[in-house]
Amino acid sequence: MIIRTIAYPRAGLIGNPSDGYFGKTIAFAFRNFSSHIELWESPELELLPSRRDHSVFKSLDALHTDVKLHGYYGGFRLLKAAAKAFYEYCRERGVAPEKKNFTMRYRSDIPNRVGMAGSSALITACMRGLMNFYGVEISRHSLANLVLRVENHELNIPAGLQDRVAQAYQGIVYMDFDRKLMDDRGYGNYELLDASKAPPLYVAYRDDLSEGTEVYHNDLRARWQRGDADVLEAITFWADLTVRFRAAFDAGDLGEMHRLVNANFDKRASLYDVGEGNRDLVATARSTGASAKFAGSGGAIVGIYDDEEMFARLERAFEPKGVRVIKPDIAPPLAGGKP
């Protein structure tokens, strides 16, 4: 029997990057792209390479392009780190997975290194496959923590919980990473919002702006740890935006949601150089009347448009720049496993 699992990219709608600093955010998972895992029982444990793991290229230029899009390591390191962390998670809880091996392969069409959380989507899909194969139940909030553990501790990728929570829960998720909650029980307060109340949303991205999340997070974290007053104020600012956005979301106040999305990016851009390409993405979107902010750490933006006429203006404005604009298909919420 072949086990098949899936996970989706996410877009941070408001509040990020405060999720890594005991803040508040709202994010959603969407089905326009996906990461897939297939695994089946086999005599030996084997991970099969995907197109992101190949080592034969047509030319030096092709190698250069591949590294720019996918980095140096493809998906292998993610799968190996996920399997190792899953095994340790089970041992720590006195769970003994059945002594059987598997062959695993993956595929993903999530644009890489543009802030859509493609790495954590692949790890999440991998964890779901392992849970299914070995019959291990993991709650949604524990799955999010486990995926973060893979990235932070196994792979030294600096990140917060937002992406992993959105991918574990799916739908549109309000997240409060209150420090006392995080310290006392290890996870925040996560609530699913009514997706039928969502404003018209778009996501726009371009591959040639791809950067790893560590490029943006390393300096911000160092400044936060030093107690940099501007960064501490920004964390509070972003968390407050999230509370205000949720109220506007529930009330259907489109104008207020536009203003809050724009304010989120403007504060971020005031703290460090976000890059001219990213600034142009945001400026181009705003020139059409839409709001815009980073979907993650750069390379992709998310925002709100008013109507189909404005969406058409977005497409026309971005087409000559080689930027793709999509309407995100929000993934349906998932039920939780045991605590």
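Modeller: Rings of Phe, Tyr and Trp, the last by its six-membered ring, pair if their centres lie within 6.5 Å. With that, F86, F102, F133 and Y134 form one aromatic cluster. Keep in mind that this is a predicted model.

Biologist: OK, and how many aromatic pairs does a search of the whole structure find?

Modeller: It finds 13 aromatic pairs. One of them is Y21 with W224, at 5.0 Å centre to centre and 65° between the planes.

Biologist: So is that one stacked or edge-to-face?

Modeller: Edge-to-face, because planes over 60 degrees apart get that label.

Biologist: Where do Y21 and W224 lie?

Modeller: Y21 is in the loop between strand 2 (10–14) and strand 3 (24–29), while W224 belongs to helix 7 (residues 214–225). The pair therefore ties together parts that are 203 residues apart in sequence.

Biologist: Is Y21 buried or exposed? And W224?

Modeller: Y21 is buried, with a relative accessible area of 3%. W224 has 18%, and that counts as buried too, because the cut-off is under 20%.

Biologist: What about F33 and Y205?

Modeller: Those two form an edge-to-face pair, 5.9 Å centre to centre with 85° between the planes. F33 sits in the loop between strand 3 and strand 4 (35–42) and Y205 in strand 9 (residues 201–205), so this pair ties together parts 172 residues apart in sequence. Both F33 and Y205 are buried.

Biologist: Switching to helices. At what angle do helix 2 and helix 4 cross?

Modeller: Roughly 125°, and the axes of helix 2 (residues 76–92) and helix 4 (residues 140–154) come within 10 Å. The two helices are therefore oblique to each other, since 65 to 115 degrees would be roughly perpendicular and over 145 roughly antiparallel.

Biologist: Left-handed or right-handed?

Modeller: The crossing of helix 2 and helix 4 is right-handed.

Biologist: Which residues make the contact?

Modeller: From helix 2, A81, A82, K84, A85, E88, Y89 and E92; from helix 4, S142, L146, R149, V150 and E154. By class, that contact has 6 nonpolar, 1 polar and 5 charged residues.

Biologist: Last one. Where does D280 lie?

Modeller: In helix 10 (residues 276–287). D280 is partly exposed, at 29% relative accessibility.

Biologist: And what separates the C-alpha atoms of D280 and K321?

Modeller: 9.8 Å, with the two residues 41 apart along the chain.

How values were computed: Residues numbered from 1 in each chain as written. Predicted model: local features only at pLDDT ≥ 70, side-chain atom pairs only at ≥ 80, totals over all residues. Heavy atoms only, no water. Axes fitted to C-alpha atoms, helices over the stretch in contact; angles between N-to-C directions. Helix = DSSP H or I, 4+ residues; strand = E, 2+ residues; numbered from the N terminus. Parallel < 35°, antiparallel > 145°, perpendicular 65-115°, else oblique. Left-handed = near helix turned anticlockwise from the far one by under 90°. Contact = heavy atoms within 4.5 Å. Nonpolar A, V, L, I, M, F, W, Y, C, P; charged D, E, K, R; others polar. Phe/Tyr/Trp six-rings, centres within 6.5 Å; stacked < 30°, edge-to-face > 60°. Buried < 20%, exposed > 50% of the residue type's maximum accessible area, 1.4 Å probe, protein only.
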